[in-house]
Amino acid sequence: MGRITFIEHSGTAHVVEIEAGQSLMQAAVDNGIPGIDADCGGACACGTCHVIVDEQWIDATGGINADEQGMLGLTPEITDTSRLSCQVTLSEALDGLIVRLPEFQM
Ligand code: FES
């Protein structure tokens, strides 16, 4: 369907193919992206799938609900464009998405 880019804190980039309907977290796990542990399996309960969305893409990732906002508040390195990747559903509108991984999760 499209491609997205994960950039490790070290600067190493990983370009992966994505499918519409899967979560950003699942795309990371399926492609062995380091730093996305996803300990709770996508239940918005662990915070180990934190990504920092490239500023130009943040609106396209959709809104943040109260559960995600609360969990993000517990993560180190939270930024204005932080998301939990398990809460972002991929679609054609996100073809080209760029996200960065926080240092804490390396
Ligand atoms: S996988 Fe646990 S909060 Fe996203």
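So, Arg 100: at 36% relative accessibility, this one counts as partly exposed, meaning between 20% and 50% relative accessible area with a 1.4 Å probe, protein chains only, where buried is under 20% and exposed is over 50%. Quick caveat: this is a predicted model, where local features need pLDDT of at least 70, side-chain atom pairs count only at pLDDT 80 or more, and totals for chains, interfaces and linings use all residues. Residues are numbered from 1 along each chain as its sequence is written, and side-chain values use heavy atoms, with hydrogens and water left out.

Okay, back to Arg 100. It forms a salt bridge with Asp 54, with the closest N and O atoms 3.0 Å apart; by salt bridge I mean a side-chain nitrogen of Lys or Arg within 4 Å of a carboxyl oxygen of Asp or Glu. Asp 54 is buried, at 18% relative accessible area.

The count comes to three salt bridges. Another one joins Arg 3 and Glu 17 at 2.7 Å, N to O, and Glu 17 is partly exposed at 46%. Then there's Arg 83 with Glu 68, at 2.8 Å, and both of those residues are buried.

Now, which charged residue is buried yet has no salt bridge? That's Glu 8: the nearest side chain of opposite charge is our friend Arg 100, 12 Å away. Here Lys and Arg count as positive, Asp and Glu as negative, and His and the chain ends aren't counted. What Glu 8 does have is a side-chain polar contact of 2.5 Å with His 14.

Key:
A polar contact is a pair of N or O atoms within 3.5 Å; within protein, one must be able to donate a hydrogen and the other to accept it, and residues adjacent in sequence count only if both atoms are side-chain atoms.
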